[in-house]
Amino acid sequence: MELRVTCLPGDGIGPEVTSQAICVLEEVVDGFGHDLELDEKEIGGVALEKFGNPLPDATIQACLNSRAVLLGAVGSPAFDHNPRELRPEAGLLRLRQELGAFANLRPAVVYPALAGCSPLREEIAKGTDILIVRELLGGLYFGQPRSIEGAPGAREAINTMRYGEPEIERIARVAFQLARTRRRKVLSVDKANVLECSRLWREVVTRVGRDFSDVQLSHMYVDSAAMSLVLKPAEFDVILTENMFGDILSDEAGGIVGSLGLLASASVGGPVGLYEPVHGSAPDIAGKNIANPLGAILSVAMMLRHTFQLAKEAECVEAGVISTLKGGFRTRDLARPGARTVSTEEMGAQIAEFVRLAANATGQAAS
Ligand code: IPM
Ligand code: MN
């Protein structure tokens with residue numbers, strides 16, 4: 001199969017982690033007999049610096065001409081005081097929109113080898129295997145009107161949380177369908193005791209749930225869900241929620257599994273899938289070869305599975321991550337104090353090597 005992929009390394013640690021993820025992807029392509037057509041473009045702060053635009057047209061075009069996009073991270077303190085449209089984040093938000101990527105899938109798994117890495121007691125963290133399904137194109141992130149207006153000292157700011165029934169319905173269907181491939185439980189998270197958007201959300205999700213009678217649906221307010229997540233993370237299966245709540249809960253899930261650096265994501269629903277680690281640009285550790293590349297590498301696994309339907313290849317990458325962690329390899333974010341750590345490149349190389357050997361061993365290499 002020909003894999004047409006655009007890589008957008010972006011800011012901070014983005015380039016370091018995506019370059020390891022691409023090394024792993026190249027091993028997959030070689031080992032399993034595929035072809036990779038890779039394009040690289042700018043987004044975020046690097047695009048602002050070069051073109052004065054966080055999402056240049058050439059970047060959008062390249063993404064739309066490929067089947068999947070691998071993104072590193074966007075965000076840089078240099079642009080903290082820019083107006084909203086000229087911040088690195090605006091590039092990512094527009095890209096999600098351009099790609100129609102309304103369904104953001106964020107798995108959070110406590111790997112047995114890392115059960116001791118969670119700040120939670122091991123008996124609480126172990127067995128955690130959550131999939132957050134975050135609505136990505138609605139809510140406060142995109143609602144109109146939005147503004148800051150008025151005289152200094154008397155300014156007012158407005159954001160609008162808005163959801164239409166079709167938007168709720170389509171993301172709910174994604175969550176229920178994915179639940180069928182897992183433990184068949186969907187927890188819909190909202191704030192229906194306060195917000196109209198959440199009341200509509202709950203009503204529509206309940207209605208959609210009737211088409212999935214084999215999936216157990218429950219509802220929780222977001223405050224209570226945030227607490228339950230740290231009290232009993234292993235009881236969660238699929239969490240279905242709106243944009244902002246999903247943003248917050250997915251970072252919380254990153255904390256629970258031991259490091260945000262482990263989390264991968266897929267943003268799907270449009271013609272081109274967008275794959276990115278959940279972590280940000282981490283400017284404080286950028287360029288030091290110490291960032292954890294596993295979020296980016298696992299995002300490649302999600303790309304193989306969701307865009308290219310290459311389940312065997314995806315499993316091979318995931319097996320590489322699990323085996324590398326079992327082997328005791330730890331980037332700094334995962335290591336106990338005083339323990340030996342590996343660099344971003346060493347971690348990536350371990351997984352690439354695993355994929356190379358596994359692909360050859362199973363005789364799947366191209367002839
Ligand atoms: C994420 C990030 C983004 C978001 C930012 C960088 C716009 O925090 O992907 O979780 O809020 O969606
Ligand atoms: Mn976030």
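**Ligand 1 and the spaces around it**

The shell around ligand 1 consists of one nonpolar residue, no polar residue and five charged residues. The model is predicted.

Colleague: What makes a residue part of the surroundings of ligand 1?

Modeller: A residue is near a molecule if one of its heavy atoms lies within 4 Å of it. Glu89, Arg96, Arg106, Arg134, Tyr141 and Asp247 surround ligand 1.

Colleague: Why is the pair formed by Arg96 and ligand 1 called a polar contact?

Modeller: A polar side-chain atom of Arg96 lies 2.7 Å from an oxygen atom of the ligand. The cut-off for a pair of N or O atoms is 3.5 Å, so the pair qualifies.

Colleague: Which distances apply to Arg106 and Asp247?

Modeller: For Arg106, a polar side-chain atom is 2.8 Å from an oxygen atom of ligand 1. For Asp247, an N or O atom of the side chain is 2.9 Å from an oxygen atom of ligand 1. Both values lie within 3.5 Å, so these are polar contacts too. Ligand 1 taken alone exposes 320 Å², and the protein buries 80% of that.

Colleague: How do you know that ligand 1 sits in the largest pocket?

Modeller: The test is that more than half of the atoms of a molecule lie within 2 Å of the grid points. Ligand 1 is assigned to the largest pocket, so it passes that test.

Colleague: What makes up the lining of that pocket?

Modeller: The lining has 32 residues, and Glu89, Leu92, Leu93, Arg96 and Tyr141 lie nearest the centre of the pocket. By class they are 13 nonpolar, seven polar and twelve charged. Helix α4 (88-98) is among the elements that supply at least two residues, and α4 gives the most, with seven. The volume of the pocket is about 770 Å³.

Colleague: Why is the other space called a cavity and not a pocket?

Modeller: In a cavity a 1.4 Å probe fits but cannot get out, whereas a pocket is an open set. The count comes to one cavity of 30 Å³ or more, and the largest cavity holds about 40 Å³ of space.

Colleague: Which residues line the largest cavity?

Modeller: Among them are Met161, Tyr163, Trp201, Glu242 and Phe245. The elements giving two or more residues are β8 (185-190) and α7 (196-209). Helix α7 gives the most, with three residues. The lining divides into six nonpolar, one polar and two charged residues.

How values were computed: Residues numbered from 1 in each chain as written. Chains lettered and ligands numbered in written order. Predicted model: local features only at pLDDT ≥ 70, side-chain atom pairs only at ≥ 80, totals over all residues. Heavy atoms only, no water. Polar contact = N/O pair within 3.5 Å; in protein donor to acceptor, adjacent residues only side chain to side chain. Areas by Shrake-Rupley, 256 points an atom, 1.4 Å probe, with all protein chains shown as cover. 1 Å grid on protein atoms, 1.4 Å probe; cavity = no way out; pocket = protein on both sides within 12 Å on 5 of 7 lines; lining within 4 Å. Nonpolar A, V, L, I, M, F, W, Y, C, P; charged D, E, K, R; others polar. Points joined across faces, edges and corners; volume = space filled by probe spheres on them. Helix = DSSP H or I, 4+ residues; strand = E, 2+ residues; numbered from the N terminus.
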